[in-house]
Amino acid sequence: ATPRPAAEGGLLAAFDARLPFELTEGQRQVGEAIAADLAAEHPMHRLLQGEVGSGKTVVALRAMLTVVDSGGQAALLAPTEVLAMQHHRTITAMLGDLAAGGMLGGADSATRVALLTGSQSTAGRKQALLDVASGAAGIVVGTHALLQEKVEFADLGLIVVDEQHRFGVEQRDALRAKALRTPHLLVMTATPIPRTVAMTVFGDLETSTLRELPRGRQPIETHVVPSGNERWMQRTWSRLKEEVDAGRQAFVVCPRIGEPGSDFEDGDVPFDGDGWGEGADGDGTGEPRDKRVAVSALETYERLTTEPALAGLRVGLLHGRLPPEQKDATMQAFAAGEIDVLVCTTVIEVGVDVPNASVRVVLDADGFGVAQLHQRRGRVGRGAHPGLCLLVSGMGPGTPPWERLQAVASTLDGFKLSQIDLENRREGDVLGSRQSGFKSSLKLLRVLRDADLIADAREVATELVTADPDLAGHPELAEAIERLLDPEREVYLERG
């Protein structure tokens, strides 16, 4: 990889000088580790994990500015258009005139921050493509649109992948191929998913962890609510009304949209341990479960607008199939306090950051994975008031899905929850491309149980390969590896 050493007196220094808050000790330490990786001649391959609100975006932005200072470009890949737009707004606001390169009022050392999404206007997309190709845009934020052939970079030096478990190896590889030389890679997650934990333990990624939350974050209380208990459901809506009456706002989250032509149109979708989708087992046992109707955002919106307990409240609707301008208008209205209760899907809601929102009701919560629930729970309690998260489920007490929800309710420690997630879902095929599942290429070893053994083996392997890169002095080991790695698996590991 092309080394990207930190430069004195550049964009990063200017950005640090105007930060309105002090970096946490964890942010400083992780920043130093990333800076050392970027300055090396081999590509960084680092996982940045931290709780929701721990400041991962600031750490990633400082890394991107380091690369821009060295003459390169950085791309931030987000899984949804709403999240990409949120990142673009946040980064542009944080940089101020440092993001106005070549424009009136821009700082001398400024660059540009380009946004590339699938629904941009033709003119906006054309300008963004020109800025990316010419190098005028040092930072490029986008969705899968970044992967298209017509997107060309002047000198792509760093790829930052947010919500990394939402992207496959092939997608990351497609973006990496746009660089002149292998770019550095930083992947971020708020809660490690099982396969991430497994691959990390096996040495696929160096790991940085942000455990310290910035000052001012509020506690979040979580409860599981049985949807079949009418009294409890009424209390759910009255509790939401109490928060709104106190001047705050609420999310009501649904697993599907529910309009013709949308995903899960007929609602006849089996549970998935990490969302709603076909072929899943749903209860951690590996056995299929009866199909069940998933609650839709459209139905919920209609119901809540006539719900007596919510009389007088302003209810809004937000989902992925709305026109871009309508989505943006709804998000801006919610952020401005003009909507009291926002009914939405999780895919769209992740990009909405409203500090005044203190309540989150998740319908059919057992249809979402532990990582999803924990990460999205962090969308409340970001302002001056404590957060409340109510997980509504049709599965009764004593069932595996119910117990999983109780585990989420019992702790705010995302790292503890990742262990629970790994225990429930296991490591999948850690030497293959499957993201989760119950079949593993490991016969005796278990990632969770044998973590210490794996860590020791990794250390020994690193020392051995450093001393003997071609394994010339270890012919039997070389032969064993040759037998283990079929061509497809070897290509996968090389892509990483």
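# How we know what we say about this model

User: Which residues does R62 touch, leaving out those up to four places away in sequence?

Analyst: R62 touches L12, F15, D16, L23 and G31, with residues up to four places away in sequence not counted. Keep in mind that this is a predicted model.

User: What makes these residues count as contacts of R62?

Analyst: Contact means heavy atoms within 4.5 Å, and L12, F15, D16, L23 and G31 are the residues that R62 touches in that sense.

User: Why is R62 called buried?

Analyst: Good one to check! Buried means under 20% relative accessible area. R62 has a relative accessible area of 17%, so R62 is buried. R62 is found in helix α3.

User: And how much of the chain counts as buried?

Analyst: Of the 496 residues of the chain, 52% count as buried.

User: What does helix α3 bring to the largest nonpolar core?

Analyst: First, the core itself: it has 38 residues, and M64, L95, I139 and L158 touch the most other members. Helix α3, residues 56–69, gives the largest share of this core, nine residues. Apart from this core lies another one of 29 residues, including I220 and V408.

User: Which residues is I139 in contact with, leaving aside neighbours within four places in sequence?

Analyst: Among them are L61, M64, L65 and V68, and also L95 and V113.

User: Why are β8 and β14 said to stand at the edges of their sheet?

Analyst: Look at the order of the six strands in this open sheet: β8-β17-β16-β9-β15-β14, with parallel pairing. β8 (220–226) and β14 (315–318) each have a single partner strand, so one side of each is left without a neighbour in the sheet. From one strand to the next, the twist averages 20°.

User: How do you know that β14 and β15 pair?

Analyst: Two strands pair if there are at least two bridges between them. Four bridges join β14 to β15 (residues 341–345), therefore they meet that requirement, and they run parallel. As one example, the bridge partner of V315 in β15 is V341.

User: Which helices lie across strands of this sheet?

Analyst: Helix α9 (residues 297–305) lies across β9, β14 and β15, at about 175° to β14. Helix α13 (residues 400–410) lies across β8 and β17, at about 160° to β8.

Technical notes. Residues are numbered from 1 along each chain as its sequence is written. This is a predicted model: local features need pLDDT of at least 70, side-chain atom pairs count only at pLDDT 80 or more; totals for chains, interfaces and linings use all residues. Side-chain values use heavy atoms; hydrogens and water are left out. A nonpolar core is a set of buried Ala, Val, Leu, Ile, Met, Phe, Trp, Tyr and Cys residues joined through side-chain atoms within 4.5 Å. Buried means under 20% relative accessible area, exposed over 50%, partly exposed in between (1.4 Å probe, protein chains only). Helices (H or I, at least four residues) and strands (E, at least two) are DSSP runs, numbered from the N terminus. Axes are lines fitted to C-alpha atoms, for helices over the stretch in contact, and angles run from 0 to 180 degrees between N-to-C directions.
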